[in-house]
Amino acid sequence: MLQREKLVMNSKKINVKGSEISYIQVGNGPHKLLIFSGVLGLISDFASLTNNLDGEKYTIIYMCDRTGNSLVCLNRPPNRDFSPGFFYLDADYGIALMETLGIDRYSMLGWCYGGRAAMIAASRAAGRVDKLVVWGSSAYFTAKVLEGYEKIREIHSWSEATRLPRLEIYCEEYMSNTWSGMIDAYWKILKDDDGDVCRDVLAKINTPTLILHGAKDVIVPVEHGVYLHENINQSTLEIFPEGGHIMHLKYPEKFASIVDNFLSSMQ
């Protein structure tokens, strides 16, 4: 287990490009990490990192609600905007957040939805990004993937461990509308863009990249991780043989150790 003292998570808000952005800062180390949250995110989604990475080595910055994400209850977030280009807008806000905070060099991390925004951002801020880490993510959608999302469109189908903590932050109506809105937006991408989210940016990522994927991921099948590895230069693929979509929660210490070793390595 990686040893570290328990750190206080500081929740803050800052004006970025005319919008009020919530973010959480953990640790005070020299290596800055920007983590893109996902839709209906919780700080506990990233406990494998906050509980195991050394706060004297890293400063973790979570971008919370751009227009609807909230990792802690900093008042109810506004309705999520899923108009065309929303992944790219999230990416731009992440870059702008770090600029506003005066942070010139940093690494980017993202899971699933957040991984897509992180890959786009890494391609657009190449000169400032030291490393990129994405897991359970993809560059495109298929009908098979979206049919899987349809099976969990109804939030009452979620496990209590997933649903109940989110209800403490998001009201049921907001959760249902936001989740369904995201799935509808994914179907629109499949219809209008042949499922392409960010295929074209992969070749523009020129920073060392770690791709982690669960071999048993039923939300984003492992072939998506393989595709990212085949199309991102300087990338490394780490597959968890028994891992699913939440492998970072099932294997928190192993996950954090792999990420820490990658971020610490000289490349």
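The backbone oxygen of D45 sits 3.2 Å from a polar atom of the H248 side chain. This is a predicted model. The H248 side chain also makes a polar contact with the side chain of W135, at 3.3 Å. H248 itself belongs to helix α8, which covers residues 247–250. Its relative accessible area is 0%, so H248 counts as buried. Beyond residues up to four places away in sequence, H248 touches D45, S48, W111, W135 and F255.

| Residue | Location | Relative accessible area |
|---|---|---|
| H248 | helix α8 (residues 247–250) | 0% |
| S22 | strand β2 (residues 19–26) | 0% |
| F82 | loop between β4 (58–63) and α2 (86–100) | 15% |

S22 lies in strand β2. S22 is buried, with a relative accessible area of 0%.

F82 is a loop residue, placed between β4 and α2. Is F82 buried or exposed? F82 is buried, because its relative accessible area of 15% falls under the 20% cut-off. Setting aside neighbours within four places in sequence, F82 contacts V39, Y113, T178, G181, M182 and A185. D184 is 102 residues from F82 along the chain, yet the C-alpha atoms of F82 and D184 are separated by 8.9 Å.

Now the whole chain. The protein has 9 helices and 8 strands. Its radius of gyration is 17 Å, close to the 18 Å that the globule rule gives for 267 residues, so the protein is as compact as a globular protein of that length. The C-alpha trace spans about 40 × 40 × 35 Å along its principal axes.

Buried residues account for 55% of the 267 residues. H248, S22 and F82 are among them. Of the contacts between residues at least 6 apart in sequence, 76% join residues at least 24 apart.

Conventions:
Residues numbered from 1 in each chain as written. Predicted model: local features only at pLDDT ≥ 70, side-chain atom pairs only at ≥ 80, totals over all residues. Heavy atoms only, no water. Helix = DSSP H or I, 4+ residues; strand = E, 2+ residues; numbered from the N terminus. Buried < 20%, exposed > 50% of the residue type's maximum accessible area, 1.4 Å probe, protein only. Polar contact = N/O pair within 3.5 Å; in protein donor to acceptor, adjacent residues only side chain to side chain. Contact = heavy atoms within 4.5 Å. Rg over C-alpha atoms; globule rule 2.2 N^0.38 Å.
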